[in-house]
Amino acid sequence: MKKRIMIAALAVAAVFALSACKQDEQVDGPVTPDNTDQNQQTQTDDETDNEEQDIDYLSDLSTERYDGYEFRILIRKDKISDQYFEEPPEDVVDDAIYKRNKLVEEMYGITITATESSSNDYETDAVNSILAGDDAYDVIFPHSRAAFAYAVQGAVYNINDIEAIHTEKPWWSQDIIDSCDVNGHLYVLDGDISMHRLSYAMCMYFNKRIFDELGFDYPYEAVLDGDWTFDEFAYYAKKGGDDLNGDGVMDPETDQYGFYCQEWGAPIEILYTGGQKIYDKNEEGVLELTLYSNKTVEIFDEFFSLMDNEACFLHLTNEPKNYDGNDLFSEGRAMIAGNSLGSAKGYRNMDDDFGIIPYPKFDEDDEYATIVNGHAHLLVIPTTVEDVERTGSIIEALCAIGSRDVVPAFYDVSLKTKYARDEESEAMMDIIKDSVVYDIGYVAGGVGGLSSVGRELARSTTHDFASYYAAQESSAQIALEEFNEAYGGIEAD
């Protein structure tokens with residue numbers, strides 16, 4: 001009974017955290033292929049050539065037939081176009097998704113159907129039906145934090161037990177597998193079955209006009225030389241502010257800022273630029289609370305000191321809000337902005353030219369690091385699936401062929417060719433894509449009060465990390481022990 005109460009409490013905490021951040025993440029989320037116009041060219045079969053010809057996408061896929069089977073997807077409200085279209089769409093990426101599904105249907109003699117969640121609360125609404133034994137879905141794509149609400153209640157399969165899913169293949173995200181496999185328990189997946197890993201990867205944009213006006217070199221060379229550090233970035237940010245109307249007061253309604261970001265983005269991304277994590281595994285594979293360190297204190301102190309400079313603006317998107325207007329970068333009133341890679345599509349109509357760069361390393365000795373915004377979804381497989389190997393085989397095919405056909409359409413044809421404004425940004429996108437890291441302490445939000453530490457510090461008046469951590473440490477440690485047990489089957493000492 002005690003364990004059931006603990007697991008239920010974890011799930012309630014996760015859903016509570018999701019509800020608290022829902023409105024903010026919708027505002028802060030990137031402009032992705034599922035929420036912009038689709039008046040773009042249709043992709044032909046040979047429009048994109050795979051650059052990695054040595055990858056064998058098909059040989060290990062199941063050759064069984066499942067004639068007449070309906071493969072059922074449940075996906076978040078308003079995100080269905082990440083996985084499914086009933087008719088051939090015009091958009092190059094959407095068309096690639098449609099063709100991928102049709103190919104998999106033909107391979108296995110199946111029909112793929114998709115259902116949107118019944119609410120916009122990250123669709124944990126399927127938990128009760130699963131626990132009641134209802135075999136309604138083969139795969140669910142929930143908000144990343146909701147995925148762990150399913151996991152801690154025993155509602156989804158351990159991926160490691162499904163032979164048909166080859167997690168070592170390059171189309172699956174190895175970093176999230178390493179991060180989220182606890183004691184041999186892996187309940188969530190991410191990979192090229194979805195475009196969210198790329199479209200929600202965090203990055204920076206810079207306005208070339210403002211750089212030119214100030215006589216600054218674009219940061220591309222600094223990035224390539226490994227010299228794009230926080231100090232270099234902060235220098236630019238402080239120089240880029242401008243009181244455009246001359247009233248002596250910096251106002252987001254009228255003026256220009258050197259750096260513009262929102263509370264759910266840069267304040268957490270900055271943690272990883274210094275190589276830190278909220279949770280990490282020790283030598284025994286047990287998750288530990290690793291957030292507090294001298295380096296973390298320095299990172300947050302330096303970042304929020306910069307954001308308190310009048311040349312920078314940190315947009316609070318939930319009550320109390322500090323700005324209700326349009327995106328400052330798209331209006332040409334921010335020299336540098338933090339957003340996601342998929343937002344390049346939303347900036348395509350800007351008058352000013354822009355460039356794309358990774359977040360800076362905190363120090364020269366650090367590595368470039370990119371997180372995928374927690375608003376992206378993950379994949380889980382309900383325990384009620386009657387034939388889990390059949391489901392695994394179909395998922396594996398969707399991911400492998402997605403890697404071969406859909407990702408190049410999104411990344412090489414759409415992002416690089418259509419939305420990037422220069423060749424240098426294309427090289428930057430490769431760095432961003434190759435530097436993605438996952439932190440289970442961030443994506444499994446709701447299992448501790450520190451999972452949204454960046455956003456909470458952004459909304460505090462002092463931005464004092466040490467004090468915030470001290471107030472949260474005890475409850476966070478208890479929550480982590482409970483999560484280790486509920487998710488990884490690890491008993492606390």
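Q: Why is E105 called buried?
A: The relative accessible area of E105 is 12%. Buried means under 20% relative accessible area, exposed means over 50%, and partly exposed lies in between (1.4 Å probe, protein chains only). E105 is therefore classed as buried. This is a predicted model, in which local features need pLDDT of at least 70 and side-chain atom pairs count only at pLDDT 80 or more, while totals for chains, interfaces and linings use all residues. Residues are numbered from 1 along each chain as its sequence is written, and side-chain values use heavy atoms, with hydrogens and water left out.

Q: What makes the meeting of the side chains of E105 and K102 a salt bridge?
A: The N to O distance between E105 and K102 is 3.3 Å. A salt bridge is a side-chain nitrogen of Lys or Arg within 4 Å of a carboxyl oxygen of Asp or Glu, so the pair qualifies. The two residues are three apart in helix α2, which means that about one helical turn separates them. K102, at 33% relative accessibility, counts as partly exposed.

Q: How do you know what the helix and strand labels of the chain stand for?
A: Helices (H or I, at least four residues) and strands (E, at least two) are DSSP runs, numbered from the N terminus. The chain has 16 helices and 12 strands.

Q: What makes D430 and K416 a pair that ties together parts of the chain?
A: The side chains of D430 and K416 meet in a salt bridge, with an N to O distance of 3.0 Å. D430 lies in helix α13 and K416 in helix α12 (residues 388–419), so the pair joins parts that are 14 residues apart in sequence. D430 is partly exposed at 30% relative accessible area, whereas K416 is buried at 11%.

Q: Why is D324 called exposed?
A: D324 has a relative accessible area of 63%, and is therefore exposed. The side chain of D324 meets that of K321 in a salt bridge at 3.7 Å, N to O. K321 is partly exposed at 33% relative accessibility.

Q: How many salt bridges does the count come to by this rule?
A: The count comes to 22 salt bridges. E263, R455, E456 and R459 are linked in a network of salt bridges.

Q: Why is S425 called buried?
A: S425 has 0% relative accessibility and therefore counts as buried. S425 is found in helix α13 (residues 423–434). Apart from neighbours within four places in sequence, the contacts of S425 are Y220, F354, G355, I356 and A420.

Q: What makes the negative surface patch a patch, and which residues form it?
A: Patches are made of residues with over 30% relative accessible area and no salt bridge; like charges are joined within 9 Å, nonpolar side chains (Val, Leu, Ile, Met, Phe, Trp, Tyr) within 5 Å. The place of a charge is NZ of Lys, CZ of Arg, CG of Asp or CD of Glu. Accessible areas come from the Shrake-Rupley method with a 1.4 Å probe; for residues, only the protein chains shown count as cover. The residues of the negative patch include D217, E221, D301 and D365. Helices α9 (230–239) and α11 (294–307) each supply at least two residues of the patch, and α11 gives the largest share, three residues. D365 is found in the loop between β10 (354–357) and β11 (370–371). The relative accessible area of D365 is 75%, so D365 is exposed.

Q: What makes the phi of N183 a positive value, and where does N183 lie?
A: Most residues other than glycine have a negative phi, and most peptide bonds are trans. Phi of N183 is near 60°, and N183 lies in the loop between α5 (174–180) and α6 (196–199). At 46% relative accessibility, N183 is partly exposed. Phi of D78 is positive as well, near 70°.

Q: How do you know that the peptide bond joining E319 and P320 is cis?
A: Omega is about -5° for this bond, which is cis. P320 lies in the loop between β8 (312–315) and β9 (334–340).

Note on methods
Lys and Arg count as positive and Asp and Glu as negative; His and the chain ends are not counted. Contact means heavy atoms within 4.5 Å.
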